[in-house]
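Please go through them with the structure open beside you.

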Amino acid sequence: AVGGGDGGGAGSAGPRRAYLKHLNELEVVPGTGSVLANVWYADQVAQISLATGEVQALFDLRGLHKRTRRTEDCMNGIALDKDTGDFYLTGKRWPKLYRLRLELGT
């Protein structure tokens with residue numbers, strides 16, 4: 001479940017007691033019954049079921065932007081363009097905004 005259960009703490013979600021921590025930048029995806037969540041400091045995006053809290057998909061986006069030595073230089077923004085279905089991603093201290101099409105699980 002999102003935000004609790006089995007010691008996951010606020011901002012955690014996961015299937016079968018395996019929890020993802022450090023979730024932020026939540027984006028509800030209309031018509032899918034899910035939310036996308038940025039996994040802070042991991043450069044990953046999780047698709048999470050709104051009904052069950054289970055992780056339906058995990059997108060590894062580490063290759064999107066070359067990291068520096070700064071720990072705060074991480075992905076930290078996600079937004080949905082409802083007209084196109086594309087997602088916009090950016091990060092702290094990133095000079096670019098990336099537009100992606102993510103194949104969402106069901």
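This is a predicted model: local features need pLDDT of at least 70, side-chain atom pairs count only at pLDDT 80 or more; totals for chains, interfaces and linings use all residues.

1. Residue numbers count from 1 along the chain as its sequence is written.

2. Four strands make up an open sheet, ordered β1-β2-β3-β4 and paired in the antiparallel sense. Its edge strands are β1, residues 23-29, and β4, residues 55-60, each of which pairs on one side only. Between neighbouring strands of this sheet the average turn is 20°, with direction ignored.

3. Within that sheet, β1 and β2 are antiparallel and are joined by five bridges, and V29 has S34 in β2 as its bridge partner. The two strands form a hairpin with four residues between them, in which G31 adopts a positive phi near 80°.

4. The next pair, β2 and β3, is also antiparallel and is held over six bridges, with V39 partnered by Q44 in β3. These strands likewise form a hairpin with four residues between them, and here Y41, in the turn, has a positive phi of about 70°. The antiparallel strands β3 and β4 are then joined by five bridges, and V45 stands opposite F59 in β4.

5. How many residues of strand β2 are buried? Six of the six residues in β2, which spans 34-39, are buried, and the strand is thus described as mostly covered. The side chains divide between two directions, with S34, L36 and N38 pointing one way and V35, A37 and V39 the other, and all of them are buried.

6. Setting aside neighbours within four places in sequence, the contacts of S49 are G33, S34, E54 and Q56.

7. A second open sheet has three strands in the order β5-β6-β7, again with antiparallel pairing. Because β5 (75-80) and β7 (98-100) stand at the edges with a single partner strand each, one side of each has no neighbour in the sheet. Neighbouring strands are turned by 25° against each other on average, direction ignored. Five bridges connect β5 with β6, residues 87-91, in the antiparallel sense, and G77 stands opposite T90 in β6.

8. Turning to charged pairs, a search of the whole structure finds three salt bridges. One of them joins R62 and D60, whose closest N and O atoms are 2.5 Å apart. R62 counts as exposed at 53% relative accessibility, whereas D60 is partly exposed at 42%.

9. Which residues are linked in a network of salt bridges? The network consists of D86, R99 and R101. In the pair of R99 and D86, the closest N and O atoms are 3.1 Å apart; since R99 lies in strand β7 and D86 in the loop between β5 and β6, this pair ties together parts that are 13 residues apart in sequence. The side chains of D86 and R101 meet at 2.6 Å, N to O, and this pair links distant parts of the chain, with R101 in the segment after β7 and 15 residues separating the two.

10. Is D86 buried or exposed? D86 counts as buried, with a relative accessibility of 7%.

Methods. Side-chain values use heavy atoms; hydrogens and water are left out. Contact means heavy atoms within 4.5 Å. Two strands pair if DSSP finds at least two bridges between them. Axes are lines fitted to C-alpha atoms, for helices over the stretch in contact, and angles run from 0 to 180 degrees between N-to-C directions. Buried means under 20% relative accessible area, exposed over 50%, partly exposed in between (1.4 Å probe, protein chains only). A salt bridge is a side-chain nitrogen of Lys or Arg within 4 Å of a carboxyl oxygen of Asp or Glu.
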